[in-house]
Amino acid sequence: MTSMPLDDTRAKRNVAVLVAAQAILGSQLPMVFVIGGLAGQQLAPIACLATLPISMIVFGSMTTAPWISPFMQKHGRRAGFMVGAVGGLAGAVVAAFGIALENFWLFLLGSYLTGIYMSAQGFYRFAAADTASEAYRPKAISYVLAGGLLSALIGPQIVAVLTNTPIATVDRFLPVYYALIVINLVGMAIFFALDIPKPPAPAIDAPAGRSRRALLTEPAILVAVICGMVSYALMNLVMTSTPLAVVGCGFSVADASNVVSAHVLAMFAPSFFTGHLIARFGSERIVATGLVILALAGVVALSGVTLGNFFVALILLGVGWNFGFIGATTMLTSAHEPHERGRVQGLNDAIVMGCVTFASLASGGLMNCAGGDVVEGWNAVNIAMAPFLALAGGALIWLALRPARMA
């Protein structure tokens, strides 16, 4: 007997809600990534710690993922996303106090709280798949990530307008954090329109699912985690240092904002067709294409430090991230049972954000302490991409050859 196809009406409505959340609430991430390192450079006791605020955001996301995913499994997506927005609000308030008091450690605490929002936003893509049919699932994930197009336009341009002042002190960043407070307050209302049922309580005899260790021994899950980890970590490694490199090479904060804006646009613009490409060619091929594009971004960045080089390199970096990360996410959603969702997704995001935390820490060290000047530091950041691209590429090849070897 042929089963009837799943009606995606509810899924499409939820995608629309999540796109709006991605656009409005999501605009805070490019904002804090633009100014976090610049503010940190003025507040930090030593230059090598300039990007530590960015690292704390990602660290906050990493430490939030293991508990917020089970929280959503128990209480529903809406509750989890509201918790994330409250974290973003608290982070903006505390970071504003840190800047006003010129207290680096308080600024770091605010950055950590912002990471709670970042972690919750990472689950928007999984929420898009919750009520979607198997055929619509990759498109739903892509459309939600495409909401980042608006965040790419909104966030960096708010930074450019609010920091357009001759004042060079750290106080010039305060208006940005005031704007972040408003964004989080406005964005909370969006989630009341979300229509994703709470997962039913497991029956007494329901399967418990595999342990985290057993899940990571599943080849498709392991490779999906590796590719998602590398795609996100390398994007963060380069993007974190970009404002420092652009300003350090003699360009303005507005120039840095425009470069980051172009980068974030490139991260999300392909999402309108990435899902269709995955449906046609398979997620593994799209991930491989993303890794190649990330490598090209490094080549362009190493070839010069003109404003054009920064724009092209960061655009390629965004497209490479899009293909690599959406492809890896699609691989992951198809590699586990429904009752393992909370465990798998929390494990995946904890690992990914752990590596992104390391990448953002390494970014500041490489940029400020790995060479004699800005150009040498920027080159060190981009050269560091090579071994991790080799790791992800090797994992994909291993997965592709594995069925033939087993046969």
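## Helix pair H4 and H5

At roughly what angle do the axes of helix H4 and helix H5 cross? In this predicted model, the answer is roughly 160°. H4 covers residues 77-100 and H5 covers residues 104-122. Their axes come within 7 Å. Angles over 145 degrees count as roughly antiparallel, and H4 and H5 are therefore roughly antiparallel to each other.

The crossing of H4 and H5 is left-handed. The residues of this contact comprise 16 nonpolar and eight polar, with no charged ones.

## Largest cavity

The structure holds two cavities of 30 Å³ or more. The largest cavity has a volume of about 320 Å³. It is lined by 23 residues, and Leu29, Gln121, Tyr232, Met267 and Phe268 are the closest to its centre. By class, the lining has 16 nonpolar, six polar and one charged residues.

Which helices each supply at least two residues of this lining? They are H2 (28-43), H5, H6 (124-130), H7, H11 (219-248), H12 (253-268) and H15. H11 provides the largest share, four residues.

## Second largest cavity

The second largest cavity contains about 50 Å³ of space. Its lining consists of Arg125, Ala224, Gly228, Phe325, Ala328, Thr329, Leu332, Asn348 and Val352. H11, H15 and H16 (341-369) are the elements that give two or more residues to it. Here the largest share comes from H15, with four residues.

The lining of the second largest cavity divides into five nonpolar, three polar and one charged.

## Second largest pocket

About 240 Å³ of space lies in the second largest pocket. Its lining has 14 residues. Glu134, Ser283, Thr330, Met331 and Ser334 lie nearest the centre. By class, the lining shows six nonpolar, five polar and three charged residues.

Four helices each supply at least two lining residues: H7 (137-146), H13 (271-281), H14 (283-302) and H15 (307-333). H15 gives the most, with three residues.

## Salt bridges

Side chains of opposite charge can pair when their charged atoms come close. How many salt bridges does a search of the whole structure find? It finds two.

One of them joins the side chains of Arg10 and Asp195, at 3.2 Å from N to O. Arg10 lies in helix H1 (residues 9-24). Asp195 sits in the loop between helix H9 (174-188) and helix H10 (212-216). The pair therefore ties together parts that are 185 residues apart in sequence.

How values were computed. Residues are numbered from 1 along each chain as its sequence is written. This is a predicted model: local features need pLDDT of at least 70, side-chain atom pairs count only at pLDDT 80 or more; totals for chains, interfaces and linings use all residues. Side-chain values use heavy atoms; hydrogens and water are left out. Axes are lines fitted to C-alpha atoms, for helices over the stretch in contact, and angles run from 0 to 180 degrees between N-to-C directions. Angles under 35 degrees count as roughly parallel, over 145 as roughly antiparallel, 65 to 115 as roughly perpendicular and the rest as oblique. A crossing is left-handed if the near helix is turned anticlockwise from the far one by less than a right angle, and right-handed if clockwise. Ala, Val, Leu, Ile, Met, Phe, Trp, Tyr, Cys and Pro count as nonpolar, Asp, Glu, Lys and Arg as charged, and the others, Gly among them, as polar. On a 1 Å grid over the protein atoms alone, a cavity is a set of points where a 1.4 Å probe fits but cannot get out, and a pocket is an open set with protein on both sides within 12 Å along at least five of seven lines; lining residues have an atom within 4 Å of a point. Grid points are joined across faces, edges and corners, and a volume is the space filled by probe spheres set on the points. A salt bridge is a side-chain nitrogen of Lys or Arg within 4 Å of a carboxyl oxygen of Asp or Glu.
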